[in-house]
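Please keep the picture and the sequence at hand as you read.

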Amino acid sequence: MLSIFPQLLFLTPLAMALLRITAGVFAIVIAWQCAERRHLMAQVRLPLIGRAPEWVIWVACMAYAIIGGLLVVGAWTQVAALLATLAALKLAIISRIWPQFSALHTTTYILLSIVSLALVFMGAGALAFDLPL
């Protein structure tokens with residue numbers, strides 16, 4: 001396929017790094033909003049388990065923060081991106097059922113899952129700890 005700007009193809013690792021850092025920042029924002037909304041989330045009655053204890057919500061918030069941190073620094077990128085994909089898809093489904101669980105729109109979670117899934121296949125890009133040797 002013919003490229004319009006073939007001189008820019010050397011910047012592909014930088015583009016992947018920008019996608020990785022953006023996905024990581026969004027995961028950290030999700031963790032922050034999860035921590036801010038934990039009292040609202042603890043009051044919601046869930047189908048199988050009833051009301052979730054607050055420590056379970058804290059564990060979820062910390063998981064989002066750890067995934068985001070791994071993506072920002074580029075450590076274990078493929079594992080973190082796969083977990084971010086699953087978490088974003090879970091949040092996309094949950095945000096339709098219980099809107100108080102998320103402050104972001106459902107399409108934001110879907111976009112985050114697509115970017116994260118692309119990172120699973122493309123790799124970390126530039127400025128990452130797990131660059132291929």
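Let us begin with helix α1, whose buried residues are Met16, Ala17, Arg20, Ala23, Gly24, Ala27, Ile30, Ala31, Gln33, Cys34 and Ala35. Here buried means under 20% relative accessible area, exposed means over 50%, and partly exposed is what lies in between, using a 1.4 Å probe and protein chains only. Helices (H or I, at least four residues) and strands (E, at least two) are DSSP runs, numbered from the N terminus. This is a predicted model, in which local features need pLDDT of at least 70 and side-chain atom pairs count only at pLDDT 80 or more, while totals for chains, interfaces and linings use all residues. Residues are numbered from 1 along each chain as its sequence is written, and side-chain values use heavy atoms, with hydrogens and water left out.

What do the buried residues of α1 pack against? They pack against α2 (38-43), α3 (54-73), α4 (77-97) and α5 (106-122), where contact means heavy atoms within 4.5 Å. The length of α1 can be checked too. The expected span of a helix is 1.5 Å times one less than its number of residues. The 25 residues of α1 (residues 12-36) should therefore span 36 Å, and the C-alpha atoms at its ends are 36 Å apart, which agrees.

Now step back to the whole chain. It has five helices and two strands, and from the N terminus on the elements run α-α-β-β-α-α-α. The C-alpha trace spans about 55 × 30 × 20 Å along its principal axes. Of the 133 residues in the protein chain, 39% are buried. Among contacts between residues at least 6 apart in sequence, 71% join residues at least 24 apart.

Next comes the inside. In soluble globular proteins, nonpolar side chains tend to be buried together. A nonpolar core is a set of buried Ala, Val, Leu, Ile, Met, Phe, Trp, Tyr and Cys residues joined through side-chain atoms within 4.5 Å. The largest such core has 31 residues, and Ile30, Tyr64, Leu71 and Phe101 touch the most other members. The elements α1, α2, α3, α4 and α5 give two or more residues each to this core, and α4 gives the most, with eight residues. Take leucine 71 as an example: leaving aside its neighbours within four places in sequence, it is in contact with Arg20, Ala23, Gly24, Thr77, Ala80, Ala81, Ala84 and Leu119.

Where is space left over? On a 1 Å grid over the protein atoms alone, a cavity is a set of points where a 1.4 Å probe fits but cannot get out, and a pocket is an open set with protein on both sides within 12 Å along at least five of seven lines; lining residues have an atom within 4 Å of a point. Grid points are joined across faces, edges and corners, and a volume is the space filled by probe spheres set on the points. There is one cavity of 30 Å³ or more, and the largest cavity has a volume of about 60 Å³. Its lining is made of Ala27, Ile30, Tyr64, Ile67, Ala84, Ala87, Ala88, Leu91 and Leu112, with α4 giving the most, four residues. The largest pocket has a volume of about 260 Å³. Of the 19 residues that line this pocket, Met41, Ala60, Tyr64, Lys90 and Phe101 are the closest to its centre.

Serine 95 sits in helix α4 and counts as buried because its relative accessible area is 9%. A polar contact is a pair of N or O atoms within 3.5 Å; within protein, one must be able to donate a hydrogen and the other to accept it, and residues adjacent in sequence count only if both atoms are side-chain atoms. The side chain of serine 95 makes such a contact with the side chain of threonine 106, at 3.0 Å, and a polar atom of the serine 95 side chain lies 3.1 Å from the backbone oxygen of alanine 92. Glutamine 33, in helix α1, is buried because its relative accessibility is 18%.

Finally, look at tryptophan 76, in the loop between α3 and α4. Tryptophan 76 has a positive phi of about 50° although it is not a glycine, and with a relative accessible area of 63% it is exposed.
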